Amino acid sequence: MRCFLPGVMLGILMGWLHVAYAADDVGSGCLQCHEGIEPIREAGSEMMRQIRARGAELGDPEGCVVCHGGDPTATVAEAAHRAPFYVDPGSPWVNEHTCGQCHERHVKTQMTSLMMTESGKIQGTVWSFGAMDRGYNHTWGNYDVENPHDPSERVGSDDYRAYMEALRKKEPGAFPERQEALPEAPTDLSKLHEQPELAAFTYIRAECQRCHLGVKGRYKRGDYRGMGCSACHIPYGNEGLYEGGDPTIPRDEPGHLLVHSIQATREAKVTVHDKTYSGVAVETCTTCHDRGKRIGVSFQGLMESAFHSPYTEGGGGQIALHTKHYIAMQEDIHYQRGMMCGDCHTSIDLHGDGFIAGTNLAQVQIECPDCHGTPEMYPWELPLGYMDEFEEKPKTGKPRGVAIDLPDYLKQGTVYDKEDGYLRTARGNPFPEVIRRGNKVVVHTAGGKDIEFEPLKLKMQNGSLSREAQVAMCHVDKHMDRMECYACHATWVPQCYGCHLKIDYSDQAKSFDWIAAGQKHQEEMFRADRGERGYDTYMPGEITEQRSYMRWEDPPLGVSGEGRVAPVTTGCQPSITIIGEDGEEIIRNKVFRTPPGTEGGGDEGQLALDMSPGQPHTTGRARSCESCHADEKALGYGIDGGRLTRPWDEPIVVELMTADGEILPKQYKNQVEGIAGMKGDWSQYVTEDGEQLMTVGHHWSLSRPLNNAERANMDRRGVCLSCHQEIPSESLAVSLLHHTAEMTGMIPASAGEHDRLVNKIVLFSAWGQAGALVLIPLSIIAFLAYRSRRLHTDQRSSEES
């Protein structure tokens with residue numbers, strides 16, 4: 001790797017000025033206690049060489065002080081760990097002095113990155129509490145941040161910077177110039193009676209924001225991680241136990257790294273016991289990406305379950321992971337092929353580009369065709385912006401080509417031979433690990449695989465595209481022009497319908513405030529802490545969450561912020577109950593409304609329940625045609641059209657009743673409470689008449705349900721009746737053919753036979769009508785010619801006579 005090396009913090013340098021011995025004469029004093037600890041990078045690597053060279057300048061040939069600070073000459077821990085000393089050098093509150101020595105650009109962009117601001121989650125939660133005058137604007141984050149004044153400071157190519165500037169102007173709400181720190185959670189609880197929406201800040205701070213990079217997060221199975229750079233680049237096992245060779249780290253105390261090594265790109269090798277691997281493990285990403293859209297666990301093939309089955313040894317239930325339980329689904333095809341998250345997602349996707357991005361779609365710069373192309377174009381023949389249009393029409397323009405070089409910040413990882421060029425993202429930056437090889441594409445994965453594959457155009461040319469693929473992508477142009485690839489290829493999507501949220505302020509209930517904990521790290525005396533254990537950043541209120549029901553099959557469809565048809569799944573769909581400090585209800589099962597005039601809600605606003613368009617990360621074999629074109633759920637009408645569930649706005653009583661439904665006992669209770677305003681089922685977001693029942697996305701101006709014309713064009717329910725209404729005897733011709741087929745045993749008895757029959761009918765009908773279109777005019781012309789000739793003959797005969 002290459003260093004920009006601005007120098008180590010002045011305080012560290014001053015601590016080593018008294019060292020008078022040569023580096024070659026003595027090892028690091030740190031190893032007197034930490035003997036056996038794993039090297040942060042493998043011996044012989046360029047990074048390790050640079051660390052040791054820098055350490056030698058500071059009197060520590062092993063280089064421990066380059067990252068951790070401290071005094072390597074001390075013989076007792078208290079003296080060795082004197083300030084400045086960093087237990088977690090990757091922490092964002094200290095990493096300008098550690099990681100930033102070489103990775104200055106990455107450290108510089110961290111505060112405006114989405115992993116730090118988490119502004120999309122904040123805006124989404126506030127939206128579900130009525131939007132609080134913020135509407136679609138992403139102007140709250142975890143901390144006060146603002147963009148650089150110079151647009152050229154945005155990380156990326158010139159094409160990328162121009163692209164992002166245009167997108168910022170098109171969607172200013174998702175690309176704010178600055179963000180303010182989220183308001184405090186309410187402490188004067190009497191205000192909740194007049195402004196119950198203020199409870200949103202308790203919920204956000206306690207539940208939603210524990211994953212941002214400014215904190216270490218909760219100590220729960222599957223959630224152990226570091227802070228800042230260490231959150232991704234230092235491996236933690238799900239049990240949070242250390243399994244390396246350092247004798248000073250307890251083996252039975254959760255919350256520690258798995259081994260003391262950096263995981264990153266292919267050249268960074270990590271050894272755990274006798275196994276060596278490279279790349280940022282998928283489970284590292286899932287440490288945070290197990291909530292909300294659940295893309296991490298979905299990628300791994302895990303679907304959240306309400307049950308603890310099957311039983312484990314001794315009769316216990318399934319052990320919780322991320323405090324949840326799961327059933328095993330099919331993993332994403334990329335996961336099955338051995339790819340990790342970073343093999344698709346770019347440095348900017350993860351680290352940001354130095355400017356504020358309000359939500360995932362704002363920061364992520366990749367699209368499926370960037371690698372796979374289309375049946376008509378190779379990836380390098382596509383224009384920039386293809387499938388990332390933020391318009392409701394396909395992008396056109398000159399071919400994007402390939403990149404022939406990489407910027408310096410991408411050369412700090414593994415650099416691969418460009419061969420015929422590095423492929424480029426939809427927004428114009430090079431993929432450092434994806435290269436063109438003739439008309440094929442090679443993905444050099446961080447895990448060590450070199451995956452060569454044929455783009456769609458090459459498959460089309462050599463005839464290896466399936467019949468279904470050709471029909472979907474080549475015969476029906478609208479699919480490629482208006483749909484995301486994963487509208488078809490998302491094989492399943494987690495759908496947790498109805499989020500029943502209780503915020504209880506009674507009995508001095510408290511929750512941990514993760515944003516306040518991050519702000520505490522900003523204070524000088526807490527800046528170097530490795531986590532938040534022992535912090536007193538508690539606030540009033542305790543959170544409980546429940547669901548109505550969960551599904552995974554046949555995701556419904558809507559329009560994403562990019563203007564393309566995409567799967568939608570449950571976003572925030574909360575009915576909210578707030579218990580005051582006196583134990584009395586402030587609100588019960590309340591669904592807030594969005595601002596007046598938004599989301600088709602008229603003057604009273606729309607129900608603040610959201611179905612969210614997104615990329616489910618469950619890519620596989622495409623769903624069937626029928627699962628979209630013959631399914632009410634896919635159209636947005638709800639599961640079985642929302643008819644199977646009774647109205648949610650009416651309480652359900654189960655008691656002794658008369659045949660007319662009159663309740664007999666005077667003392668009875670509601671079995672299922674009603675939720676005011678719920679006209680349809682949780683899965684129903686538009687009616688057949690086009691009335692919108694809840695929001696579909698709340699980050700982007702183009703996100704919405706399918707409109708009336710789109711649904712009409714897509715709806716093929718009841719198509720079987722088109723033929724079978726005449727079969728077997730409603731028409732003389734049909735009856736004759738049916739009875740002939742019946743007598744000869746030619747009635748189709750399988751799906752394949754039925755398909756061939758329908759295909760034959762289509763061809764016969766088409767040729768018959770085409771023949772008629774040709775023969776009728778020819779017949780008329782022939783008849784007119786014959787008549788003309790006959791008249792001419794008759795006239796000559798008359799003249800001769």
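This is a predicted model: local features need pLDDT of at least 70, side-chain atom pairs count only at pLDDT 80 or more; totals for chains, interfaces and linings use all residues.

Colleague: Okay. How many helices and strands are there in the protein?

Modeller: The secondary structure comes to 28 helices and 23 strands. The C-alpha trace spans about 140 × 80 × 55 Å along its principal axes.

Colleague: And what share of the residues counts as buried?

Modeller: Of the 801 residues, 49% count as buried. As for contacts between residues at least 6 apart in sequence, 66% of them join residues at least 24 apart.

Colleague: Let's talk helices. At what angle do helix 8 and helix 10 pack?

Modeller: About 140 degrees, and their axes are 10 Å apart. Helix 8 covers residues 119-128 and helix 10 covers residues 199-208. That angle makes helix 8 oblique to helix 10.

Colleague: Is the crossing left-handed or right-handed?

Modeller: Helix 8 passes helix 10 in a right-handed crossing.

Colleague: Which residues meet there?

Modeller: From helix 8 you have K121, I122, T125 and V126, and they meet F201, Y203, I204 and C208 of helix 10. By class, that contact has six nonpolar residues, one polar and one charged.

Colleague: Moving on past helix 10, where does D223 sit?

Modeller: D223 is in the loop between helix 10 and helix 11, the latter being 230-233.

Colleague: Buried or exposed, that D223?

Modeller: Buried, because its relative accessibility is 5% and the cut-off for buried is under 20%.

Colleague: What does D223 touch?

Modeller: Leaving out residues up to four places away in sequence, D223 touches R218, T287, D290 and H322.

Colleague: Does helix 10 come up anywhere else, or rather, what covers the buried residues of helix 22?

Modeller: Helix 10 is part of the answer: the cover of helix 22 includes helix 10 and strand 13 (510-512). Helix 22 runs over residues 514-521, and seven of its eight residues are buried, so it is largely enclosed by the rest of the structure.

Colleague: Which residues of helix 22 are the buried ones?

Modeller: W514, I515, A516, A517, G518, K520 and H521.

Colleague: How many bridges join strand 2 to strand 3?

Modeller: Two, and the strands run antiparallel, with strand 3 at residues 178-181. V145 stands opposite Q179 in strand 3.

Colleague: Last topic, strand 18. How many of its residues are buried?

Modeller: Six of the six, residues 574-579, so strand 18 is largely enclosed by the rest of the structure.

Colleague: Which way do its residues point?

Modeller: P574, I576 and I578 point one way, S575, T577 and I579 the other way, and all are buried. In a regular strand, side chains alternate between the two faces of the sheet.

Colleague: Which strands does strand 18 pair with?

Modeller: Strand 12 (residues 495-504) pairs with strand 18 in the parallel sense over six bridges, and I503 stands opposite I578. Strand 19 (residues 585-590) runs antiparallel to strand 18 and is joined by three bridges, with E585 as the bridge partner of I579.

Colleague: What does G583 do in the hairpin of strand 18 and strand 19?

Modeller: That hairpin has five residues between the strands, and G583 takes a positive phi near 85 degrees.

Terms used:
Residues are numbered from 1 along each chain as its sequence is written. Side-chain values use heavy atoms; hydrogens and water are left out. Axes are lines fitted to C-alpha atoms, for helices over the stretch in contact, and angles run from 0 to 180 degrees between N-to-C directions. Helices (H or I, at least four residues) and strands (E, at least two) are DSSP runs, numbered from the N terminus. Angles under 35 degrees count as roughly parallel, over 145 as roughly antiparallel, 65 to 115 as roughly perpendicular and the rest as oblique. A crossing is left-handed if the near helix is turned anticlockwise from the far one by less than a right angle, and right-handed if clockwise. Contact means heavy atoms within 4.5 Å. Ala, Val, Leu, Ile, Met, Phe, Trp, Tyr, Cys and Pro count as nonpolar, Asp, Glu, Lys and Arg as charged, and the others, Gly among them, as polar. Buried means under 20% relative accessible area, exposed over 50%, partly exposed in between (1.4 Å probe, protein chains only). Two strands pair if DSSP finds at least two bridges between them.
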